Amino acid sequence: MNSSRPLRLGLMGFGRTGRQLFDLSSASEDIEIVAIADIGRPDILLYLLRSEVEAPEQYYLEGNFVCGPRSRARLMSTDQPGEMPWDIFGVDLVIDATGVYRSAEVLRHHLQGGAPRVMLRSLPEDEIDRIVIPGINEDSISATDRLISAGSATTSALCLLLHTLAKEFVIECGSLTTVHAYTSDQALQDYAGGDYRRSRSAARNIIPNAHDAGRWLGHVLPAFAGKINTSTLNVPVQAGSLLDVTLVMEEPSVTAQAVNEVMRAGAAAQPERIGVVDDPIVSSDVLGSELSLLFDSQGTQRAGEHFIKTLSWYENRGHAKRMLEVARLYGNLGAVTEVA
Ligand SMILES: NC(=O)c1ccc[n+]([C@@H]2O[C@H](COP(=O)([O-])OP(=O)(O)OC[C@H]3O[C@@H](n4cnc5c(N)ncnc54)[C@H](O)[C@@H]3O)[C@@H](O)[C@H]2O)c1
C-alpha cells in the first residue's frame, strides 16, 4: 500500500455499520471508500444514510456513485463476495459488513476477486488470520494477515475492560451479559427463523442469546482464555447497549473505588476509546458515542470478598471507528505478503 495516498477501501454491506463507516471515512483525509456492494436500492440506501448522519445534505447520488464530502463510491448491486471485481477499484482492503458472510471459506472469495485483505465486521465463524482490538493487540499484526476481524462492539468493550483491570488486579474468572439493542437480523413481529427465541418479536421481548466473545477472547487476551462466559439479552431498544460484567478477583477486598480508579487511569491512557461517566446516564445518552467503552462508575459494586460487578455503555459507532483504526494499522504496515 502507498502511504502517500488515502487508503482505498471496498465495502460489502451498506447497512447501519456500512453507512457509519462511510460517514466516518468521508470526514477523514486518509481513508476513502471507493466501491460498495449491497443488494438494496441505491436511492433507498442514500435515504437511510441521510436519515442517520448529522449533515445529510453532504450526501447525494451521482449516476452509479454515492458521494460525500471527500468520498465517491461506486455502488454495485452484487450479492456474492466472489462476484465483486475488487481489483478494478484498486482497493487496499475490503470490509464485509453484510452480517451474512462469516466463514473463512466465503471471505476468501473477496481475495479471489482482488481484495488484498478482508476485514469482517463481526466475529468469524471459524479461524481467520487475526482478531485485532485497537488498544490491546495491535502490535501482533503481520503483513501476512489476509482475513482479519476487529471483533465486534461487544468484544471490544469487554476486552478493553478486562485489559485495563488486569493491569492492577488478578481476575480469576467472570461473566458477561450484554443488554443489547435489537439487531436487524431479528424480526419485529414473531417470525419463524433459524432459532427459537430469535423468532420472537424483538419489539416486545427480552430475548436471551448466545454471544461468541467468550469463544474468541483467548485470541486477543490469552490469559482470559476459557475464563469468561458471555451471553446477550436483546431488548426492545433501537441502539445503545450495556455491558454487565461480573468478576471474581483473586485478591480479597478489592473495593469499588479501587476499580473505578483503575478504569479512570485506563480512560486517561486511551481517551479516544475508553471513557468514564459519573452521571446517572441511560442507554439513549450513549447514542453517537465514538468510544468503545464508557465505564459507569456508579455501576460498580462489591459482594463478599472477591466478587465485583461493573456496568459499561457502548454503541455501534464506536466499533465502526475502531474498524477504521484497524484498517489504518494494516495500511501503515504495507502491502500484503503471502504466508511463506
Ligand atoms: N448494529 C449492531 O448494533 C450490531 C451488533 C451486533 C451484531 N450486528 C450484526 O452485524 C451485521 C451488520 O450489522 P448492521 O447493523 O450494519 O446490519 P444491517 O442489516 O443494517 O446491514 C447489512 C447490510 O448488508 C446488506 N446485505 C445483506 N446481504 C447482502 C449480500 N449478500 N450482498 C450484499 N449486501 C448484502 C443489506 O442490504 C444491508 O444493507 C448484522 O448481521 C448484525 O446483526 C450488528
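Helix α1 (residues 16-26) gives the shell around the ligand its largest share, three residues; helices here are DSSP runs of H or I with at least four residues, strands are E runs of at least two, and both are numbered from the N terminus. This is a predicted model, where local features need pLDDT of at least 70 and side-chain atom pairs count only at pLDDT 80 or more, while totals for chains, interfaces and linings use all residues. Residues are numbered from 1 along each chain as its sequence is written.

Back to the ligand: 25 residues sit around it, and Gly-13, Gly-15, Thr-17, Gly-99 and Ser-184 come nearest. Being near takes a C-beta atom, placed from the backbone, within 6 Å. Domain 1 (7-150 + 320-333) and domain 2 (153-317) both give residues to this shell, so the ligand lies between them. The domain bounds come from an automatic or database domain assignment.

Here is how the shell divides up, with Ala, Val, Leu, Ile, Met, Phe, Trp, Tyr, Cys and Pro as nonpolar, Asp, Glu, Lys and Arg as charged, and the others, Gly among them, as polar.

| Class | Residues in the shell |
|---|---|
| Nonpolar | eight residues |
| Polar | 12 residues |

Now for α7. Its buried residues are Val-259, Met-263, Gly-266 and Ala-267. Seen down the axis of α7, they fall within an arc of 100° (taken from the directions from the axis to the C-beta atoms), so they line one face of the helix. The face turned away carries the exposed Gln-257, Ala-268 and Ala-269. Buried means 20 or more other C-beta atoms within 10 Å, exposed 12 or fewer, and partly exposed in between, with C-beta atoms placed from the backbone.
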